[in-house]
Amino acid sequence: MQKYFANRKQSLELKAIGFNEPCCAIFRDDNFKFPVKVHNDPNGLTNSFQELSCDVTAPLKSQVFDFFREEHRLNVEILTNFGDVTNNTFRGTIKNMDKMFKDYTNHKYITGATYEEAESNLIDKLIEIIKKQIPHKNEKISRDFY
Amino acid sequence: MKNLFCYFKQSLELKEIGLEGECLGLYLSDSTLSIVQNISHNQFYGQVCQAPLKAQVFEFFREKYGCDVEIKAKRVIRVGKAEGYYCMIFTPNEEFFNWDLGRLHSTYEEAENACIDKIIEIVKTK
């Protein structure tokens, strides 16, 4: 089932940029685990959940895409490959939902040899976009504050 | 997290059309979803049903039936802002790609559910 989840590096970076949604898996000592606690709690666990000694909660990739769509207005579109299974045929784009012509990928697709790889590469790109924006946001906050 | 899983009726229909393997969720009743891990159909009997992730369902359709789904945000040309979502289904004979044309879903989840319902219908009629 691990292929449906973000990897550990992505999970840590997502936490750093503010992802704190309930999750149903964790990374503990570099290992991917399903904590027992979550079984009876359909709301899952958040990074603020302190009882578990875990490095970080592990979000599902679909949760990550929801987060970027809802929090940052970035929508990922993974395009059909029309049954073509040659290398790097899975392609995706990142669209800003409010700025029609904003391009984040230099008019190139983010690709992957498998669907999962394309998803993972898209998550890396989304994180990169937001990390670049964060200094500007912090700058604006401090300007507004003073 | 509930919106990441298929709802109960879909889960039952997916079981009927052959979605097997491990799932993260389990419906204990038509409205009670429990998150478990790596549960397969044959481990449970009676009134329970596996709850697959929507991502798992799209993978199943892609790999078993060659059906691809694209969910796109539709923007208002003048304003540039997204006003909703629409979806397209690509089947090997391309007869359904515009089945949802003109219909706009207010949320992404709603568009995903519409796609899953439609693909179940397509597979059932095959």
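In chain A, residues 24 or more positions apart account for 58% of the contacts with a separation of 6 or more, a contact being heavy atoms within 4.5 Å. In chain B, 48% of the contacts between residues at least 6 apart in sequence join residues at least 24 apart. The model is predicted, with local features requiring pLDDT of at least 70 and side-chain atom pairs counting only at pLDDT 80 or more, while totals for chains, interfaces and linings use all residues. Residues are numbered from 1 along each chain as its sequence is written, chains are lettered from A and ligands numbered from 1 in the order in which they are written, and side-chain values use heavy atoms, with hydrogens and water left out.

**Secondary structure**
- Chain A contains 3 helices and 6 strands; helices (H or I, at least four residues) and strands (E, at least two) are DSSP runs, numbered from the N terminus.
- The order of elements in chain A, from the N terminus on, is α-β-β-β-α-β-β-β-α.
- Chain B has 3 helices and 5 strands, arranged along the sequence as α-β-β-β-α-β-β-α.

**Burial**
- Chain A comprises 146 residues, of which 47% count as buried, meaning under 20% relative accessible area, with exposed over 50% and partly exposed in between (1.4 Å probe, protein chains only).
- Chain B comprises 126 residues, and 55% of them are buried.

**Accessible surface**
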